[in-house]
Amino acid sequence: METKDFYYDLPEELIAQDPLEKRSDSRLLVMDRFTGEINHRHFYNIIDYLHKGDCLVINDTKVIPARLHGEKSGTGAHVEVLLLRRLSTTDWECLVKPGKKLRNGARVEFGEGLLKGEIIDTIDDGNRIIRFEFEGIWEEVLDRLGEMPIPPYIHHQLKEKARYNTVYAKNDGSAAAPTAGLHWTEELLEAVKEKGVEIAHITLHVGLGTFRPVKADKIEEHHMHSEYYIVEQSEADKINRAHAEGHRVICTGTTSCRTVESAALPDGTMPATSGWTDIFIYPGYQFKCMDALITNFHLPESTLVMLVSAFTKREHVLRAYKVAVREKYRFFSFGDACFFADLRNDAQLPAELDPNRNHEFTFLPEDAVAEVEGIPGKSYSWPLAADETPLWKTADDAADADDSKENAR
């Protein structure tokens, strides 16, 4: 497949620049992964789609203030360092700017000498290994000098560093947030537990790959960077129990998805394990473990759009994004969320429409009677008028209706 097949138009004004005051107030686009039906909700409604016995997987990695601004020793030239991966108590793999001026042996200073470093090696893709020198506790020094490594499409620093972390973040190590998890609140997670849903904590430290676009014309030629993950035995047991009892494993975010799909055995069983993964999920991939996905809206032509397209259909995803643009959803890290699952037999798709909720169902069966914009099916937005009924139908429905009329005669 070609990278351009995953492009969509996005007005810049829909890129969210700040998080909402309350995390769970974000909007939620719900889509049936098989039929393409769409329902507009809010994230706090996600609990309606989780059932007793399900297992919700969350990534408890913690983003560190990994962006450092300093000076090159001897010249005073401004330098920027992004911490990517800790190699020892003093050594880090880093992304540096400007790369041409920071070769092996160059020294840098941050915070008027509170933190110093020397570039000791240059590795693949031009990343540097920097050996840092400091007094005191590393985390305290970093918290004082570092900035949160927010993505380049967000044009200002956060007032509160905590808003670029989930409420359950605990394991330091990420250079970017697992953003689907930013919508969860402690209260909502408690409600999930009270409903009988188990919550499994995994860890995947989000790395450089999050920032890298797909440059290859053919997606099969793209190379993913490795990221470190951990699945403890107690959390693997929760995932296995859900499947053994006929329930679902629901991943919060593509990082949780990539972790369980990397760790699971061919039969879907989850072992306790850890290691590095460079898994690249795109259409054609056969999922072993994940049954439903909570995720944000992702950049055009990104590996994350490809992952979501693998779980549902590329056509469904691009249409959902088109609807989201029309409905002015907020996009990317601080934006709104999506939920993709098999909802064909879900009681949350109501027969009677609640006038206080806004529904949009997009039906895409192969044998649909009507066509909208060249795609089989129709979209409707509710609430409907009191005397109005949905007009959508498949060819089979139409034939049944004709037969009923004929028999009535």
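What share of the contacts in the protein chain between residues at least 6 apart in sequence join residues at least 24 apart? I looked this up at the outset and found 70%, where contact means heavy atoms within 4.5 Å.

**Ground rules.** I am working with a predicted model, in which local features need pLDDT of at least 70 and side-chain atom pairs count only at pLDDT 80 or more, while totals for chains, interfaces and linings use all residues. I number residues from 1 along each chain as its sequence is written, and side-chain values use heavy atoms, with hydrogens and water left out.

**Overall make-up.** I noted 7 helices and 21 strands in the protein chain, these being DSSP runs numbered from the N terminus (helices H or I, at least four residues; strands E, at least two). Of the 409 residues, 49% count as buried; I take buried as under 20% relative accessible area, exposed as over 50%, and partly exposed as in between, with a 1.4 Å probe and protein chains only. I then turned to helix H4 (residues 254-263), which is mostly covered, with 9 of its 10 residues buried; among them are Thr254, Arg258, Glu261 and Ala263.

**Nonpolar cores.** I searched for sets of buried Ala, Val, Leu, Ile, Met, Phe, Trp, Tyr and Cys residues joined through side-chain atoms within 4.5 Å, which is how a nonpolar core is defined. The largest has 65 residues, of which Leu29, Val57, Tyr164, Ile239, Met270 and Phe331 touch the most other members. Helix H6 (residues 314-326) gives the most to this core, with 7 residues. Apart from this core lies another, of 24 residues, including Trp92, Cys94, Leu115 and Ala175. I went back to Leu29 and, not counting residues up to four places away in sequence, listed its contacts, among them Ile38, Phe297, Ala320, Ala324, Tyr329 and Phe339.

**Cysteines.** I counted 0 disulfides, a disulfide being a pair of cysteine sulfur atoms within 2.5 Å.

**Largest pocket.** I ran the pocket and cavity search on a 1 Å grid over the protein atoms alone: a cavity is a set of points where a 1.4 Å probe fits but cannot get out, a pocket is an open set with protein on both sides within 12 Å along at least five of seven lines, and lining residues have an atom within 4 Å of a point. Grid points are joined across faces, edges and corners, and a volume is the space filled by probe spheres set on the points. The largest pocket has a volume of about 870 Å³, and of the 36 residues that line it, Leu84, Arg85, Arg86, Trp92 and Gly173 are the closest to its centre. Elements giving two or more residues to this lining include strand S6 (78-86), strand S7 (91-97), helix H1 (138-145) and strand S11 (171-174), and H1 provides the largest share, 4 residues. I sorted the lining into 14 nonpolar, 10 polar and 12 charged residues, with Ala, Val, Leu, Ile, Met, Phe, Trp, Tyr, Cys and Pro as nonpolar, Asp, Glu, Lys and Arg as charged, and the others, Gly among them, as polar.

**Cavity.** I found 1 cavity of 30 Å³ or more, and about 90 Å³ of space lies in the largest cavity. Its lining includes Pro19, Arg23, Arg163, His183 and Phe334, and divides into 4 nonpolar, 4 polar and 3 charged residues.

**Backbone notes.** Where is there a cis peptide bond? I find one joining Lys97 and Pro98, with omega about -5°. Lys97 is in strand S7, whereas Pro98 is in the loop between S7 and strand S8 (107-110). The C-alpha atoms of Lys97 and Val79, 18 residues apart along the chain, are separated by 5.7 Å; leaving aside neighbours within four places in sequence, Lys97 is in contact with His78, Val79, Glu80 and Leu102.

I also checked for positive phi in residues other than glycine. Glu301 has phi near 65° and sits in the loop between strand S16 (292-296) and helix H5 (303-311), where at 26% relative accessibility Glu301 counts as partly exposed. Lys328 has phi of about 60°, lies in the loop between H6 and strand S17 (337-341), and is exposed, with a relative accessible area of 59%.
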